[in-house]
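Student: I'd like to learn how to read a structure like this one, feature by feature. Can we go through it together?

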Amino acid sequence: MRLYLLPFAGGSARSYGAWPEALSEIAEAVPLDTPDKGRPYLDAPETLSIEEMGARIASQIASETKPYALFGHSMGALMAFEAVRALIRKNARLPHLMIVSAHRAPHQPLDRRMLHPLSDNDFDAELAAYSGTPKEVLENSEMMDFVRPTLRRDFRACETYRYSEDTALPVPLASIGGIDDPEVSAEDLEAWARHSRHFLGSRTLPGGHFYFQNALSSMTSEIERLIAEAGVPA
C-alpha cells in the first residue's frame with residue numbers, strides 16, 4: 001500500500017526525508033509538498049486556504065488505484081481532513097486509513113493568539129518554540145527572510161480555518177501527538193473521534209510538537225499497528 005505524507009506549516013516533502021526508508025517494510029511512503037502551483041518559496045501564493053490545499057491534494061491522488069493511507073502532521077492533519085472531504089465530493093477512491101498528528105480536531109476553535117500577523121521578530125520567536133525550524137535557519141536572517149513568507153501563509157491558513165459542519169468521514173481515523181506538546185492536548189487528539197465513523201483512538205508519544213524527530217522507530221511501529229487495525233489490504 002501507499003502512505004501519503006502531508007507536510008506541516010513551512011514543511012515540504014523533504015521534511016519526511018528519512019521516512020520512506022524507515023517505513024519500507026510497512027508501506028510505500030510518498031512524501032508530498034504543500035500543493036503550490038509554482039515553485040515552493042519562490043512562487044508561493046501569498047494566501048492559500050486549507051480547503052484549497054486539501055482540494056489540490058485530492059486532485060493529485062484521485063486517480064490512485066492502490067490501497068492507500070494518509071498521514072498529516074500539524075497543518076497536514078487539516079489538509080488530510082479536507083482532502084478526504086474533497087475526494088468524497090469527487091466520488092473518488094478513499095483512503096483505507098487516515099492518521100492525523102499534532103493538531104486539534106477541526107471543529108475546535110483556536111485557543112491562542114494568531115501568529116501570522118506578528119512582527120518578524122515576534123513571529124520568529126514564537127516559531128522557535130515549535131522546534132520544527134532548524135536552529136541554523138532561525139539564526140540566519142537572510143534564510144528567514146526567504147522562508148518566512150511561506151511560513152506566514154501556512155500559519156494564516158491554519159489560524160483562519162473554519163470548520164463547516166458535515167457528516168463523519170467513512171474512513172478509519174487515528175490521532176497521535178506528543179505528550180509535551182504545549183499546543184495540542186490529549187483531549188484535543190481525542191476530539192477527532194467526532195469526525196470518523198471508525199475512530200481508532202488517540203495516542204501520545206514522548207516528545208513535543210515534533211515528537212517523532214527523535215523517535216522515528218516508535219512512530220513507524222505505531223503506523224504499522226494502525227495499518228493492521230484498520231485492516232488495510234496488503
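Student: What should I know before reading any numbers?

Tutor: This is a predicted model, in which local features need pLDDT of at least 70 and side-chain atom pairs count only at pLDDT 80 or more, while totals for chains, interfaces and linings use all residues. Residues are numbered from 1 along each chain as its sequence is written, and side-chain values use heavy atoms, with hydrogens and water left out.

Student: What is the mean pLDDT of the chain?

Tutor: pLDDT is the predictor's confidence in each residue, from 0 to 100. Here the chain has a mean of 87, and 90% of its residues reach 70 or more. Helices (H or I, at least four residues) and strands (E, at least two) are DSSP runs, numbered from the N terminus.

Student: Where does pLDDT stay under 50?

Tutor: Over residues 38–42, for which the model has seven contacts beyond four places in sequence. Contact means heavy atoms within 4.5 Å. Where pLDDT is low, the predicted coordinates should not be read in detail.

Student: On to the strands. Which strands does β1 pair with?

Tutor: The general idea is that two strands pair if DSSP finds at least two bridges between them. In this model, four bridges join β1 to strand β2 (residues 28–31), and the two run parallel. One place to look is L5, which stands opposite P31 in β2. Five bridges join β1 to β3, also a parallel pairing, with L6 opposite G72 in β3. β3 is in turn joined to β4 by five bridges, running parallel, and there the bridge partner of G72 is V100.

Student: Is β3 enclosed or open?

Tutor: First the cut-offs: buried means under 20% relative accessible area, exposed over 50%, partly exposed in between (1.4 Å probe, protein chains only). Six of the six residues of β3 are buried, so β3 is largely enclosed by the rest of the structure. Both faces are covered, with Y68, L70 and G72 on one side and A69, F71 and H73 on the other. β1 is mostly covered, with four of its five residues buried.

Student: How many aromatic pairs are there?

Tutor: Rings of Phe, Tyr and Trp (its six-membered ring) pair if their centres lie within 6.5 Å; planes under 30 degrees apart count as stacked, over 60 as edge-to-face and the rest as tilted. Searching the whole structure gives 11 pairs. Take Y4 and Y68: they are edge-to-face, 5.8 Å centre to centre with 80° between the planes. Y4 lies in strand β1 (residues 2–6) and Y68 in strand β3 (residues 68–73), so this pair ties together parts that are 64 residues apart in sequence. Y4 counts as buried at 9% relative accessibility, and Y68 is buried at 0%.

Student: How far apart are the ring centres of F8 and F210?

Tutor: They are 4.8 Å apart, and the planes are at 80°, so this pair is edge-to-face. F8 is in the loop between β1 and α1 (19–22) and F210 in the loop between β6 (196–205) and α8 (216–230), so to speak a link between distant parts of the chain, 202 residues apart. 

Student: Are F8 and F210 buried or exposed?

Tutor: F8 counts as buried at 9% relative accessibility, and F210 counts as buried at 10%. Ring pairs also link F8, Y16, W19, F71, F210, Y211 and F212 into a cluster.

Student: By how much does helix α6 bend at V147?

Tutor: The bend at a residue is the angle between axes fitted to the seven residues ending there and the seven starting there. Helix α6 (residues 141–159) bends by about 40° at V147, and a proline, P149, follows within four residues.

Student: Which ring does the charged end of R152 sit over?

Tutor: A charge sits over a ring if NZ of Lys or CZ of Arg is within 6 Å of the ring centre and within 35 degrees of the ring normal. For R152 the ring is that of F123, with the charged end 4.7 Å from its centre.
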